[in-house]
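Biologist: I would like to go through the terms used for this model. Take them one at a time, please.

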Amino acid sequence: MDPIIILQAGVASGTVLLFATIGELFAERSGVMNLGVEGMMLIGAMSAFSVAIATSNPWLGVLVAMLVAGLLSQVHAVITIQFQADQVVSGLALTFLGTGLSLVFGEGLSAAGAVSLLPSYTIPGLSVLPILGPILFTNQNILVYLGFLTIPLTWYYINRTRQGMHLRAVGEFPAAADALGINVARLRYIYVFVGGLFAGLSGAAISLAISPGWFSQLTTSGQGWIAIGLVIFAQWNPIRAAVGSYAFGALRRLIFDIQGPTKILGLRNPFFYNSYLGFFLQMLPFAFTIIVLVIGSREAMRKRIGAPAALGLPYIRGERGL
Amino acid sequence: MFRNRLWQFAIMMLVFSLGLVACASTAEEAPELVGGFEIPTVEEGSFNVAMVLIGPHDDGGWSQAHFEGLEFVEANIDNVHTAFIENVPEGADSEQIFRSLSRKGFDLIFGTSFGYMDPMETVADEFPDTMYIHISGIKSNTTNFGNLFGAMENMKYLAGMLAGARAQMDGNPKLGYMATFPIPEELRLGNAIALGMRRTCPECTMDIRWINTWHDPILEKEAAASLFDAGAQVVFTGADTPAVADVAQEKGKWGVTYDWDGSCKIDACLTAPYWVWGPVYEGITQGVIDGTYQPGWDYFDADTGALGLYGFMEGETLQPGVAELPAEVIAEVRGLIAATLAGSFTRFDVFSGPIYDNQGNLIVPAGAALEQVDLDAFPEFDLGCEYCMKWWAEGITAELP
C-alpha cells in the first residue's frame, strides 16, 4: 500500500467529482440548487462516448457532452426560474430524465469497442518534484491538469471579478441585485447552464479519460450525488471543493489498496483480516452525502455554514423578502 | 403573476400528458412495470422461457454468456419463446421480478446470479407449476427449484498453471485475484487458480482484492489497478466484465478474463476460462418440456462441452502471451485439457490431497479428495461438509474473516 499511488489515483478519479462539484457550486452560488447533477453527468458521459466513437475525435466528444448536459440543465432552469417551481422536485426529475435519456440513447454502446481517448501526459520538470511530482504531474490525463487550472480560476472569478460579484449578489440578495439593474433571471439561467457544462465535462472525463467506457448507470454510480454533498461540505468554496473531491477520489482507491498489507504503521490491519470491512469504506461517501445534505437543509445551520441566502428560493420581483 | 404562471404551467403539463395518453392508447397495451423494470409478456401456445440477468446482456462476460445460451435455446428448440430482463439487482428487488414473471405465465425461469437464490426459493414455493433454475447457488428443492453450476474450477486450475508459468518467465512470481464476495464459489475458484499456479511456479504467490460486487466495470478496473500496482504480474477476475485485461494492457502486464469466449481479444489477455451455456440450457429446457428434468443439485463437468479455456479449444489460437511460454507447459496444459474434456480429470482431481492452506495446515491429506459438498459449503451452512471450502490455499497472501 503506497500512499503516493493512492493519492495519484485519487487525483485522477477525484477530477470527475471536481468538475461536477464546481459546476454545482456555480449554480448554487446564483441561488439555484440543481439536484440533477447525476442525470447531467450520465448524459454527458454517454454523449461524449458516442461522439468519440462516431468521429474518432475525443475532444469533439467533450464539447458535445458539455453542450448536451448544458441543454438539459436548461429544462431545470425553465421550470425553476421561469415557472418558479420547487427546485428540489425539479432537480430530482432532471436526474430521472437525464438517466432515462442516456440509457435509451446509450443502448448497445457498451459493446462498441475501442475508442480514441483523451491523452495523458507527464509534465517535464514538475514531475521530478518530491512527493507532489508523482502525485500531481506524472502520467495524468489532460483533464486532470484542466482540473488543476479550474480551481484557482473559479475562485478568482467568483471572488475577484465584477461578474463574480454579480453572481454572488444574485444568490445572496436578488432583490438588491435587481435594484442595481442586474438581470437576476438571466444570470441564473447562465449559471445553471454553466453547471450543466461542468456536469457534462465531468461525465466526459469518466467515459473518455478516467475510466473509459459506457456502462449505463454504473458509469457514474452515484457520483453526482456525492458532488452535491461536496458543495455543501465545501461551503461553496472551490478550493475546499477540490480538497474534498480529491479526498473522495483517493478513498475509492484506498478501499482496495488497504486490503493488501498485514500491518499498517506497525498495527494489525483489520482490512486484511476481514473482507466485510470493505463494505463500510464503500459506504462512507454516501453516508457523508446524507449527513451533509441533512445539515445543509436546516435553516439555522445553513446560515452558519455560509449558504447563499437565496439558495432554493425563486425570485419574484416585487415580493418582499429575498 | 406567480399564480398565473403556475396555472399556465399546470395546464401545459395537463395538455402534454393528455397527448401522451392519447398516443399510448392507440398503440398496444402498456407494458407492466415492476420497480422500473419492464416485465416481458408470454407468447400463447409456446413454451415460455425467461432469464433474469444481473448485468447488461452485452456485458462482455458473465451475463453475455448466459444470454447467448438463451438465444441458443430459442434457435434450437421448436415452439419456444424466450425473454430476458437485465440489470436486476440481487435481493428484494429481484423477488418482485421473479414473482411478476411467474404471474405472467412463464414456464421456465433462469436466475443467473448467486444473490437471486433466496428470492427464487420464496417464489418457487408460491408457483408450484413454474420451473425455476438458479445458477451458482447452494439451495434447491426436488419439485420446481433446481440449482445448476459447473466445474469451472478445472478451467481456472489450468489458467492458473498458465499464469504461474507466465509470471515465472517474466521474473515476477506474483499473481492477483480480484474476488467478488466471500462465498464458497469464489474461494473454490481462487483456490483452484492457486493450486494450478503452484504446479508450474512453486515460488508464486497470489494477492486478493475483494470488490463486493459482481458487476461494476469501473470498480473492477480500480481493483485491478490496485493489484497491478501492488506488484502482480498476472491478474484474474472473478467478476463479470473483461476490465482486468484492459488495465493489464495499460500497465504492460497480463490479465485473465472470465465467463465468455469473446472476452479475451486483446493481447494483454492470456486466456479466459469460459462457459458455453447453450447446450446445457437446451437440455434442461427440453427436459422440462418433456417432463423428464429432475430439479435438484445439478453440477456438470467439462465433458458436457459447457466449459472452455480460451486459446485451447477447437478452432481457437493461443493468445500471444501464452504462445511464448515454454513448450512443456503448453503440452502439459493441452494434455490436462484433453483429460478434462474426456472426463478423466475432474474437479475432484483438482482438489485432491495433499492440499495445504496458507496457514500451513494440512486441509486434505494425501490420497483423499474433496467431495461435492466440500466444494459448495462453509462449515456453518450445516450441509455436512468434512473439509469444506473456508480456507485459502498455500501461496495466497490473504486471510478470511
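Modeller: A cavity is a set of points, on a 1 Å grid over the protein atoms alone, where a 1.4 Å probe fits but cannot get out. A pocket is an open set with protein on both sides within 12 Å along at least five of seven lines, and lining residues have an atom within 4 Å of a point. This is a predicted model: local features need pLDDT of at least 70, side-chain atom pairs count only at pLDDT 80 or more, and totals for chains, interfaces and linings use all residues. Residues are numbered from 1 along each chain as its sequence is written, chains are lettered from A and ligands numbered from 1 in the order in which they are written, and side-chain values use heavy atoms, without hydrogens and water.

Biologist: What makes B:F114 and B:D376 lining residues of the largest cavity?

Modeller: Lining residues need an atom within 4 Å of a cavity point. B:F114 and B:D376 are among the residues that line the largest cavity, as are B:N147, B:R188 and B:Y299.

Biologist: How do you know the volume of the largest cavity?

Modeller: A volume is the space filled by probe spheres set on the points, which are joined across faces, edges and corners. For the largest cavity that gives about 60 Å³. The whole structure has five cavities of 30 Å³ or more.

Biologist: Which helix gives the most to the lining of the largest cavity?

Modeller: α6(B) does, with three residues. α6 (184–200) and β7 (145–150) of chain B each supply at least two. Helices (H or I, at least four residues) and strands (E, at least two) are DSSP runs, numbered from the N terminus.

Biologist: How does the lining of the second largest pocket divide by class?

Modeller: Into 16 nonpolar, nine polar and four charged residues. Ala, Val, Leu, Ile, Met, Phe, Trp, Tyr, Cys and Pro count as nonpolar, Asp, Glu, Lys and Arg as charged, and the others, Gly among them, as polar. The pocket's volume is about 850 Å³. Of its 29 lining residues, A:L218, A:S221, B:T213, B:H215 and B:D216 are the closest to its centre. α11(A) gives the most, with five residues.

Biologist: Why is α2(B) called oblique to α9(B)?

Modeller: Their axes come within 8 Å and cross at roughly 50°. Angles under 35 degrees count as roughly parallel, over 145 as roughly antiparallel, 65 to 115 as roughly perpendicular and the rest as oblique. Therefore α2(B) is oblique to α9(B).

Terms used. Axes are lines fitted to C-alpha atoms, for helices over the stretch in contact, and angles run from 0 to 180 degrees between N-to-C directions.
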